[in-house]
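Hi,

Here's the structure I promised to pass along. Have a look, and then read on for my notes.

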Amino acid sequence: MRVGLFVTCLVDMMRPSIGFAALRLLKAAGCEVVVPSDQTCCGQPGYNSGDQDAAKALALKLLKEFDGCEYVVLPSGSCAGMIRVHYPALFKDDPALSESFQRLAGRTYELTDFLVNVAKLKAVPGDYSGSLTYHDSCSGLRELGVQAQPRALLAKMPGVQITEMREATTCCGFGGTFSVKFGEISTRMADNKCEHIAATGAGAIVAGDLGCLLNIEGRLRRRGDLNTRVLHIAEVLAGEGECK
Amino acid sequence: MQVTAMHFKRKAGANLRNEKLQKALEKLQSKFVDGRAVVIAELSDFEGLRDAAAAIRDRVLNNLDGYLQHFEQEATARGAVVHWAETADDVNRIVAEIAAQHGVQRIVKSKSMVTEECGLNDFLESRGLTVLETDLGEYILQLAKEPPSHIVAPVVHKSKEDIADLFEQKHHRPRTTQITELCREAREVLRPGFLAADMGISGGNFIIAETGSVLIVTNEGNGRLSTTLPRVHVAITGIEKVVPTLEDVTTLLRLLPRSATGQSITNYVSVLTGTKGKEDADGPEHFHIVLLDNGRSRLLGTELQPMLRCIRCGACMNHCPVYQNIGGHAYGWVYPGPMGSVLTPAFVGLENALDLPNASTFCGACAVVCPVKIPLPDLLRQLRHEQVKRHLRPWQERAALRLWSWLAQRPAWYALGTRLVVRLLCLFAGSGKRLRHLPGVSGWTNGRDMPAPTGRTFRELYRSGRT
């Protein structure tokens with residue numbers, strides 16, 4: 001099956017290794033993967049800040065770029081939720097486009113959801129060994145129902161030991177521009193998350209969205225925790241290719 | 001009530017540093033979040049029930065004037081008088097007129113958030129009337145001269161020690177921190193108030209069109225006393241609270257106490273219909289029902305109409321990680337949490353509550369627990385959209401977003417821009433791979449490091465043949 005990979009703007013800039021990890025996982029699942037070269041941002045920052053016009057322009061751009069793909073896969077529940085839930089809402093008053101965006105929504109998946117429910121990945125290529133705890137990022141969890149999928153994939157890795165934290169489904173405080181506009185509240189929410197992570201004693205905190213990971217890592221390090229590893233689920237599942 | 005929502009950020013910051021408040025807010029998780037989960041699990045089809053409840057509320061809102069007229073007919077036929085109040089001031093005026101008409105001096109009140117919208121107590125007191133709040137939480141706040149910080153648990157921001165101090169100071173009795181003793185003390189002070197009152201004021205959780213009844217759910221019994229002992233009862237609620245039939249209301253009642261306080265049902269569910277009849281042992285001689293608009297009808301037919309489904313359970317705030325950390329007072333008006341962040345701008349003006357629609361991570365916890373399926377994040381996003389349309393956002397924010405959107409629509413410029421940014425961030429970060437300060441995003445870096453990018457963008461690496 002022909003799968004278009006949308007790496008997301010945050011991964012593009014901040015941690016390309018996640019994009020390559022997603023690529024390896026999709027290939028391991030037997031997919032033919034294309035990475036449209038003009039991809040940029042799904043439009044969520046503008047959309048959530050009230051700029052619907054900007055979000056619409058980027059939605060149309062993405063629709064065109066992934067036109068030939070049987071599936072669109074993203075290593076982010078939040079950006080996948082943007083395409084699956086919010087693109088159709090943005091164009092609900094335009095019958096022709098609304099149908100195109102419904103079709104796009106129907107073939108767009110968050111990475112772990114795709115690997116488990118569509119590609120039915122058998123063996124996980126990564127060789128991560130150690131304890132970890134999993135944070136359920138909000139949009140993936142509540143908009144797409146991503147909760148069992150990453151855990152099912154991690155369960156295929158013999159070296160991985162999952163220790164669930166308290167309130168794993170509570171927001172880490174990122175929220176895109178919220179993390180800057182309401183820094184104090186956001187920091188407190190990240191702090192609560194860090195405490196729950198620390199209480200598990202796990203060696204790594206893993207999640208499916210880089211935004212949350214940057215927020216959690218930023219707070220962990222500021223608190224003086226330099227040891228807990230902060231990893232995207234794709235990096236754990238694919239084996240951590242060092243970024244050269 | 002005075003609107004102070006413009007100070008949201010400052011007050012939220014102060015509340016985060018208020019250790020006593022932080023300790024008090026811990027109750028939310030155990031008492032409300034965990035408690036709700038247990039009783040929701042009793043329901044065989046919670047999602048089906050939510051759908052049914054939302055459908056009832058939508059049916060009402062799509063024909064609100066019709067149901068309200070029906071309610072007025074039925075209530076009037078049973079001896080009640082229905083008053084229509086367009087504004088909060090109208091409520092105050094109407095209640096003062098009713099008090100004057102019946103020669104009222106002493107008023108007891110059971111809990112009502114709508115009267116908080118009106119500042120009714122202050123108004124009536126300024127007219128020389130005595131008003132006694134009889135809901136325990138509201139009574140405590142009346143003594144402390146503070147507004148509620150939660151719509152169901154108004155005093156959640158206080159500890160029992162705070163209340164012990166307050167009671168000692170106001171009641172001049174020996175200090176106790178035993179909750180049963182504190183309750184007994186309040187009861188002893190309140191009881192003569194009930195017996196002496198000429199008028200009882202209540203809210204209304206629902207008003208029922210087919211019978212002209214006002215329904216209130218309470219736990220302390222003060223609602224029953226306030227609405228049946230005094231010779232005059234005035235029920236005050238919002239126009240959106242009408243429900244077609246008693247059967248409809250039972251559907252909503254399966255959800256309201258469960259969502260609000262984690263109870264399958266409240267201790268009292270009072271359906272108050274008409275005035276005292278010849279054969280009735282109790283009940284008011286005069287029953288007035290005041291229905292407030294105060295901006296509600298403006299939401300009809302707009303994207304915000306689903307907000308009027310709200311049955312005021314408070315589940316959205318109990319489950320909101322922002323509310324859980326800052327409490328209710330920071331929101332700066334009557335209604336806090338996610339529902340307040342929609343209602344406050346809608347009722348008092350978007351320009352008077354700029355922060356509120358933005359004070360959400362869109363985590364979606366509120367939408368998942370809402371018993372009438374109000375899409376709260378979508379409504380907040382709609383308010384953000386209106387802020388952008390009306391140029392109410394700061395220019396720096398608008399400029400940054402516009403630049404990002406411009407770049408993202410032009411892949412070549414985007415590629416260049418992101419390469420530049422990534423290299424600059426790496427340069428600033430140095431060997432530590434983290435930024436401790438970053439101009440323009442101090443909101444982030446004041447409390448967190450910014451992890452530096454790894455060096456080159458994905459698109460650069462991918463083009464260079466890496467897999």
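Predicted model: local features only at pLDDT ≥ 70, side-chain atom pairs only at ≥ 80, totals over all residues.

Residues are numbered from 1 along each chain as its sequence is written, with chains lettered from A and ligands numbered from 1 in the order in which they are written.

Chain A has 13 helices and 8 strands (DSSP runs numbered from the N terminus: H or I of at least four residues for helices, E of at least two for strands). In chain A, 63% of the 244 residues are buried, meaning that 20 or more other C-beta atoms, placed from the backbone, lie within 10 Å of the residue's own.

Now for the two chains together: 55 residues of chain A are in contact with 51 of chain B (C-beta atoms, placed from the backbone, within 7 Å). On the chain A side, elements giving two or more residues include helix H2 (16-28), helix H4 (52-65) and helix H12 (210-222). That side divides into 24 nonpolar, 17 polar and 14 charged residues (Ala, Val, Leu, Ile, Met, Phe, Trp, Tyr, Cys and Pro count as nonpolar, Asp, Glu, Lys and Arg as charged, the others, Gly among them, as polar).

One spot to look at: A:Glu184, A:Ile185 and A:Arg188 in H11(A) meet B:Ala12, B:Gly13 and B:Leu16 in H1(B). The residues of this contact split into 3 nonpolar, 1 polar and 2 charged.

Cheers

Notes:
Buried ≥ 20, exposed ≤ 12 C-beta atoms within 10 Å, placed from the backbone.
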